[in-house]
Each structure stands twice: as C-alpha cells, then as structure tokens.
Amino acid sequence: MPVTLSPYMYERYKELYGAELDSFLSTIDRPLDTTLRVNTLKTSLNALSAHLRRRGVSLEPIDTVGMRIIDSPFSLASTPEHLFGHFYLQGAAEMAVAPQLACARNESVWDMCAAPGGKTTHVCQLMGNTGVVVATDVSSSKLQALKNNVARMGCRDTIIIQTDARTFTPSTKFDKVLLDAPCTGSGVMRKDPTRKTSRGQEDIAFMQALQKGLIEKAIASVRPGGTVVYATCSLEPEENEKVIDWALRTQPVKTEPLLASHAVISPAFTAPFGKRLNEGVSLCGRIHPHTNDSNGMFIARLTRLDR
C-alpha cells in the first residue's frame, strides 16, 4: 500500500510542483523499474542487449547508456554478466550525472563522496581507464562496496581513500571534481518509501550546512577553469538551488549550461517558495521523477574562476 507523504512534505511539493503535483504524486507511488548502465570497458550495449534477450530478458535501451528491464526470469544481480562487471545496476537519473563532467582522457578527477561507486566507475568508463580518479568516502562500512565495484568493473588508476572530504588535503588541484553530495534523499522515495515521512525541516537544514562545506572544498580543490559537478538525489531547494545560490555569492565560481543528456532535464527552480535566487541558478537542472519515470536528481555544472 502506498506510503502517504507527511503533511509537511506534501505542502512543500504542492507549492513546488503546482499543476504537476498529481503526476508527481502518482509517480512516486509506483515501484521503480530496474535499470542498468552498460560498462563499455568490457562490452557494448548491443552485445549485452542481445545476450540478455537470448536468455529471456525483455528490455528497452536508454539511449546509448544503458537499458530499462521490462521483465526478467531471474535477478540481474545474480548473473555472470553482473559478476564480471559488464553492467552496473544504476538508476536512469543517476546515469546522467557523471557525463556532465565532460571528462577528457588523462585528466585527474576527484569523486568526493564516492561509495558505493556507481559514479566513480562511470567516470573511469568515460575516460577509457586513462588519467586518475581519486575516490574518497567517509563511511568505512561503505568502502568495501566501493572497492568491490571498482575491481568488478575493471577500473584502473583509481585511488580509494577513507576520509572526510572536507578535511582531505590533496597535493594538487584536480581537473574535475564530482560532488554527489549527502542529502535527505527525497528523490529516491520510489526506492525507499520511508523518505516520504522520515525527513523534516531539521534534516534539510543539517544537510544544507554539510553540503555548503563540501562544495566550498570542491571549488577550492579544482584548478582555475576546471569543472565541479554538484548533484544530489534530493528534491529540496535548500539542498540544491539554494546551495548553488550560496556558492555563486561566496565562492570564485560560475555556473555553466548543462550538457545534452539521455534524461529529460528540466529547469531548476529559480524562485523556490517565493525567494528569487542568483540568475546563475537558471543554468542548473532537475531530473523529475514524473518526467523521466525515474528517481529525482538535481545537477549543476560549475567552473572555477581564476581568482
């Protein structure tokens, strides 16, 4: 039976989504489809699709990135293809984040909050196992999953470190930094329905403070002209647009237009709850659950200024 939103969250989403509220509410009550990202370090979309179809899996491609599983006679996580790293079980919205870095071969990238490794391994894949990826995470309990996934997906030149990203002191500036920030997780309500009722104003404020510290560190750690991608799986403007608004006002950074994506990326909220934000916020974007049949994500591309 669907879990009802708390009154606090319902009123927030009513104001944010307006005429789209009913579509949003009906979507978050539906189970999330299984989706996977093809690991082109080991196989191709066509080869993996043909192999799975021969084994009775019904699927549809997600652009050239992955596929949505319509029906399967077995768990995809238990297959040899998964064990050997031919794919990563990842949400369609989450697959849209790493490509926003526009990584070139042989670049240096820091994934600040990397566990369990979905975006770390995607970055390695996009760079063709060139350059170096530093993957950090504060959670010792999640670090083993990160190590396992990096090894399973065949990622080389990846350095894994357990540390709080806010206190990590790299010896050089990175070309690109990915901050998939800790958040209240309201964008993954379809995966975890408890998020509909278990988060409140205090949680949002706590996470915003953490996110500001992390994005400040990200900007300080990228070279002038380098790219920071900030993302969350939260729907809350305080964790998304308002964090970017703060960064634009206090940090040497500017926003950049988002790159083309397999996902439908809608404009960010530029005046959430009646508060007009910095005009640079308009270049950020949201992947809404009801427009993509996915989880919800927020994405921003930032360039470090030379000052």
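Which residue in β8 is the bridge partner of Asp-111? The bridge partner of Asp-111 in β8 is Leu-178, and the legends below present the surroundings of this pair together with other close-up views.

The model shown is predicted, so that local features need pLDDT of at least 70 and side-chain atom pairs count only at pLDDT 80 or more, while totals for chains, interfaces and linings use all residues. Residues are numbered from 1 along each chain as its sequence is written, and side-chain values use heavy atoms, with hydrogens and water left out.

View 1. Strand β5 covers residues 108-111, where strands (E, at least two residues) and helices (H or I, at least four residues) are DSSP runs numbered from the N terminus. Strand β5 runs parallel to strand β6 (residues 132-137), to which four bridges join it, and Val-109 stands opposite Val-133 in β6. With strand β8 (residues 174-180), β5 pairs in the parallel sense over three bridges; two strands pair if DSSP finds at least two bridges between them.

**View 2. The two faces of β5.** In a regular strand the side chains alternate between the two faces of the sheet. Ser-108 and Trp-110 on one side of β5, and Val-109 and Asp-111 on the other, are all buried, meaning under 20% relative accessible area, whereas exposed means over 50% and partly exposed lies in between (1.4 Å probe, protein chains only).

**View 3. The loop between β5 and α5.** Pro-116 is found in this loop, and a cis peptide bond, with omega about 5°, joins Ala-115 and Pro-116. Most residues other than glycine have a negative phi, and most peptide bonds are trans.

**View 4. Two residues with positive phi.** Asp-63, in the loop between β2 (58-62) and β3 (66-71), has a positive phi of about 50° although it is not a glycine, and Asp-63 is exposed, with a relative accessible area of 52%. Asn-129, in the loop between α5 and β6, has a positive phi of about 60° and is likewise not a glycine, but Asn-129 is buried, with a relative accessible area of 9%.

**View 5. The contact of helices α1 and α2.** Tyr-10, Tyr-13, Lys-14 and Tyr-17 in α1 meet Leu-21, Phe-24 and Leu-25 in α2, contact meaning heavy atoms within 4.5 Å.
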